[in-house]
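User: I would like to learn how to read the main features of a protein model, taking them one at a time. Could you give me the general idea for each and then the case at hand?

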Amino acid sequence: QVQLVESGGGLVQPGGSLRLSCVASGIIFSINSMAWYRQAPGLQRELVADISSGGTTTYADSVKGRFTISRDNAKSTVYLQMNSLKPEDTAVYYCSTNIYRYYWGQGTQVTVSS
């Protein structure tokens with residue numbers, strides 16, 4: 001079955017950086033688009049960034065220029081490099097792919113606070 005396992009979250013000060021990783025199994029990773037979403041308390045889940053099988057990327061306006069999504073097909077892994085983090089980036093971050101339906105990881109908490 002499809003499994004997505006995120007890691008790399010934690011507590012970081014404003015202006016700091018984190019790199020999230022998501023390892024996928026049960027799919028032909030190289031032909032699937034992958035995405036990162038986030039959900040802050042009391043808010044809806046929102047798309048942060050996605051990357052196509054060919055490497056084309058899109059970003060939410062709120063993270064453009066600060067976050068970078070990338071993929072390593074040999075490792076079936078998608079990354080989210082997050083720089084210049086702000087308190088408003090605090091959320092649970094989820095890895096996702098859509099193969100006839102959405103699949104989600106368990107999420108990893110990112111907290112930006114001094």
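**Reading the fold, the core and the bonded pairs**

Analyst: Of the 114 residues in the protein, 41% count as buried, where buried means under 20% relative accessible area, exposed over 50% and partly exposed in between, with a 1.4 Å probe and protein chains only. This is a predicted model, in which local features need pLDDT of at least 70 and side-chain atom pairs count only at pLDDT 80 or more, while totals for chains, interfaces and linings use all residues. Residues are numbered from 1 along each chain as its sequence is written, and side-chain values use heavy atoms, with hydrogens and water left out.

User: How many helices and strands does the protein have?

Analyst: The protein has zero helices and eleven strands; helices (H or I, at least four residues) and strands (E, at least two) are DSSP runs numbered from the N terminus. The radius of gyration is 13 Å, close to the 13 Å that the globule rule gives for 114 residues, so the protein is as compact as a globular protein of that length. That radius is taken over C-alpha atoms, and the globule rule is 2.2 Å times the number of residues to the power 0.38. Along its principal axes, the C-alpha trace spans about 40 × 25 × 20 Å.

User: Which residues of the largest nonpolar core touch the most other members?

Analyst: In soluble globular proteins, nonpolar side chains tend to be buried together. Here the largest nonpolar core has 28 residues, and Trp36, Val78, Leu80, Met82 and Tyr93 touch the most other members; such a core is a set of buried Ala, Val, Leu, Ile, Met, Phe, Trp, Tyr and Cys residues joined through side-chain atoms within 4.5 Å. Strand 3 gives the most to this core, with four residues. Leaving aside neighbours within four places in sequence, Val78 is in contact (heavy atoms within 4.5 Å) with residues including Leu20, Cys22, Trp36, Ile69 and Cys95.

User: Which cysteines does the disulfide join, and which parts of the chain does the pair tie together?

Analyst: A disulfide is a covalent bond between the sulfur atoms of two cysteines. A search of the whole structure finds one, the criterion being a pair of cysteine sulfur atoms within 2.5 Å, and this disulfide joins Cys22 to Cys95 with an S to S distance of 2.1 Å. Cys22 lies in strand 3 (residues 18-25) and Cys95 in strand 9 (residues 91-98), so the pair ties together parts that are 73 residues apart in sequence. The torsion about the S-S bond is about -75 degrees, so the disulfide is left-handed. Cys22 is buried at 0% relative accessible area, and Cys95 also counts as buried, at 0%.

User: Which residues are linked in a network of salt bridges?

Analyst: Side chains of opposite charge can pair when their charged atoms come close. The structure holds four salt bridges, each a side-chain nitrogen of Lys or Arg within 4 Å of a carboxyl oxygen of Asp or Glu, and Arg38, Glu46, Arg66 and Asp89 are linked in a network of them. Arg38 pairs with Glu46, the closest N and O atoms being 2.7 Å apart; Arg38 is buried, at 6% relative accessible area, whereas Glu46 is partly exposed, at 34%. Arg38 also forms a salt bridge with Asp89, at 2.9 Å between the closest N and O atoms, and this pair links strand 4 (residues 34-39) to the loop between strand 8 (77-82) and strand 9, 51 residues apart. Asp89 in turn pairs with Arg66, with 2.8 Å between the closest N and O atoms, and both Asp89 and Arg66 are buried.
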